Amino acid sequence: MPMKPKLVEAFNIQIQAEFQSAYTYLGMAGWFTENNLPGFSQWMRIQWQEETLHAMKLHDFLHSRGESVTLRPLTAPSKKYTSSVQVFEQVRKHEQSITASINDLYELAFKEKDLPSQIVLQWFINEQVEEEALVMEIIERLKLVGSDGPSVYLLDRQMSSRTMPVDVSAT
Ligand SMILES: [Fe+2]
Ligand SMILES: [Fe+2]
């Protein structure tokens with residue numbers, strides 16, 4: 001069954017938002033590398049990959065519904081960060097805005113009675129809860145270690161252990 005044009009448009013905007021997230025996190029990965037925190041940089045690279053995967057999940061969903069994907073322009077991420085905590089505060093703000101747009105998208109899918117869209121978006125709703133919780137945890141840890149060199153070093157090592165999760169959508 002074809003999707004309503006308004007819903008297709010909203011999915012395309014969300015694809016852009018996910019790619020924009022990826023690009024933003026790649027910028028942050030660069031900032032961490034340039035500030036001698038390779039573990040945090042690695043964590044951000046995983047985040048970049050994850051967001052790209054999110055974009056592709058929606059991208060492929062539109063195609064599987066026989067709809068058209070329209071890629072939109074991305075903007076250059078800012079690299080004017082003052083501290084690791086500030087970077088993660090930005091991540092938190094960004095993820096909150098993504099949560100809001102996912103929720104709006106779900107609401108539209110619900111209003112349009114598009115059941116497959118609702119199901120695909122439920123995955124994203126869960127993902128946003130997990131992401132926001134994870135980011136909060138990192139902010140708390142960063143605040144805890146403050147500027148204590150050895151603790152920052154250990155936290156950076158710990159951050160480097162993050163790996164890509166198995167793509168559940170592939171099953
Ligand atoms: Fe995402
Ligand atoms: Fe995200």
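F40 and F88 are both buried, where buried stands for under 20% relative accessible area, exposed for over 50% and partly exposed for what lies in between, with a 1.4 Å probe and protein chains only. The model that carries them is predicted, with local features needing pLDDT of at least 70 and side-chain atom pairs counting only at pLDDT 80 or more, whereas totals for chains, interfaces and linings use all residues. Residues are numbered from 1 along each chain as its sequence is written, chains are lettered from A and ligands numbered from 1 in the order in which they are written, and side-chain values use heavy atoms, with hydrogens and water left out.

Eight aromatic pairs are counted under the rule that rings of Phe, Tyr and Trp (its six-membered ring) pair if their centres lie within 6.5 Å, with planes under 30 degrees apart taken as stacked, over 60 as edge-to-face and the rest as tilted. W31 and Y81 form an edge-to-face pair, at 6.0 Å centre to centre and with 90° between the planes. Because W31 lies in helix α1 (residues 5-34) and Y81 in the loop between α2 (38-64) and α3 (84-111), this pair ties together parts that are 50 residues apart in sequence; the helices are DSSP runs (H or I, at least four residues), numbered from the N terminus. W31 counts as buried at 8% relative accessibility, and Y81 is buried as well, with a relative accessible area of 13%.

F40 and F88 also form an edge-to-face pair, with 5.9 Å centre to centre and 65° between the planes. Since F40 belongs to helix α2 and F88 to helix α3, the pair ties together parts that are 48 residues apart in sequence. Ring pairs link W31, F32, F40, W43, Y81 and F88 into a cluster.

Two rings also have a charge over them, a term that requires NZ of Lys or CZ of Arg within 6 Å of the ring centre and within 35 degrees of the ring normal. The charged end of R162 sits over the ring of W43, 4.2 Å from its centre, and that of K57 sits over the ring of W123, 3.8 Å from its centre.

Turning to the metal, the iron ion (ligand 1) is coordinated by E18 (OE), E51 (OE) and H54 (ND1), at 2.1 to 2.2 Å. Donors here are N, O and S atoms within 2.8 Å of the metal (3.2 Å for Na, K and Ca), and sites may look incomplete because water is not among the atoms. E51 bridges the iron ion (ligand 1) and the iron ion (ligand 2), which lie 3.3 Å apart. As E18 lies in helix α1 and E51 in helix α2, the pair ties together parts that are 33 residues apart in sequence, and both E18 and E51 are buried.

How values were computed
Helix = DSSP H or I, 4+ residues; strand = E, 2+ residues; numbered from the N terminus.
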